[in-house]
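Please read the model shown here alongside the report below.

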Amino acid sequence: MKRLFIVAVAAALLSACCNTNQPAAVDAENPMNLRADGEWQKIDAKDLNLNIDKYVSKAMALTVSCGDSVNTMAIGWLQTGRIWNRSTATVYVRTSRYTYDYIQKADKFVISALPDECHSKVMYIGSKSGRDEDKITNAGLTIERLEDGQAAFTDDILRIECRKIFTQELDTANFVDKEIAEKMYSTEPTHYEFIGEITNVWVRR
């Protein structure tokens, strides 16, 4: 009986040891485990590609600095990957947006993800124009300057710092699927595509 008890205890201990080696469950809605109260960590740009879609649909912003002046907008479209042997992020800005004036002049831009509790603030900056008001302050957001002088939000949980390397207009004449051009641009200005080489990626964990 004593021998059976010892065997049972040994099996239980072995099972416990094995379980500690199992990978922690991944939150499907937050696969990078970003936390508003976390510490900043620098990660490799390639770690973005499989996970970024989970955050684009929530609260993301594009922020551009021109000297002391800063403007921002909410974004719902974002691509990350590799082109020309470089890690890149691509954003799209309508010509009617005030941010368009900034990003055409600037050499760099910053893409941010904010926590879910900031969703209404991001929606505010997406619905207002910096031409008409200080929408960053009115949204309840606070800017901080990065080492290279670019601007980001103190509430950020993800930051993608980019150096602009390519831009072009999405010319409606080039659409193979004309239905997209008709739906998106028959009554609205076109988008410009801005590709940035990713220089830094920071996450809060």
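The sections below cover the core, the salt bridges, the surface and the backbone.

## Basis

This is a predicted model, in which local features need pLDDT of at least 70, side-chain atom pairs count only at pLDDT 80 or more, and totals for chains, interfaces and linings use all residues. Residues are numbered from 1 along each chain as its sequence is written, and side-chain values use heavy atoms, with hydrogens and water left out.

## Nonpolar core

The largest nonpolar core has 32 residues. Such a core is a set of buried Ala, Val, Leu, Ile, Met, Phe, Trp, Tyr and Cys residues joined through side-chain atoms within 4.5 Å. Buried means under 20% relative accessible area, exposed over 50%, and partly exposed in between (1.4 Å probe, protein chains only). Met-60, Leu-62, Val-91, Ile-111, Leu-158 and Ile-160 have the most contacts inside the core.

At least two core residues come from each of β2 (60-66), β5 (86-94), α3 (98-105), β6 (108-113), β9 (158-169) and β10 (191-204). Strand β10 gives the most, with 5 residues. Helices (H or I, at least four residues) and strands (E, at least two) are DSSP runs, numbered from the N terminus. In soluble globular proteins, nonpolar side chains tend to be buried together.

## Salt bridges

The structure holds 7 salt bridges. Each is a side-chain nitrogen of Lys or Arg within 4 Å of a carboxyl oxygen of Asp or Glu. Arg-35 pairs with Asp-37, with the closest N and O atoms 3.2 Å apart. Arg-35 is partly exposed at 36% relative accessibility. Asp-37 is exposed, at 58%.

Asp-101 pairs with Arg-131, with closest N and O atoms 3.8 Å apart. Asp-101 lies in helix α3 and Arg-131 in the loop between α4 (119-127) and α5, so this bridge ties together parts that are 30 residues apart in sequence. Both partners are partly exposed: Asp-101 at 30%, Arg-131 at 45%. Lys-108 and Asp-148 also meet in a salt bridge (3.4 Å, N to O). That pair links strand β6 to the loop between β7 and β8 (151-153), 40 residues apart. Lys-108 is partly exposed at 30%, and Asp-148 at 35%.

## Negative surface patch

Asp-27, Glu-29, Asp-116 and Glu-117 form a negative surface patch. Patches are made of residues with over 30% relative accessible area and no salt bridge; like charges are joined within 9 Å, and nonpolar side chains (Val, Leu, Ile, Met, Phe, Trp, Tyr) within 5 Å. Asp-27 lies in the loop between α1 (2-20) and β1 (40-42). Asp-27 is partly exposed, with a relative accessible area of 45%.

## Loops and backbone

Trp-84 is partly exposed at 47% relative accessibility, whereas Asn-85 is exposed at 71%. Most residues other than glycine have a negative phi.

Gly-140 sits in the loop between α5 (135-138) and β7 (143-145). Gly-140 is partly exposed, with a relative accessible area of 40%. The C-alpha atoms of Gly-140 and Cys-118 are separated by 9.2 Å, and the two residues are 22 residues apart along the chain.

Definitions and conventions
Areas by Shrake-Rupley, 256 points an atom, 1.4 Å probe, with all protein chains shown as cover. Lys, Arg positive; Asp, Glu negative; His and termini not counted. Charge placed at Lys NZ, Arg CZ, Asp CG, Glu CD.
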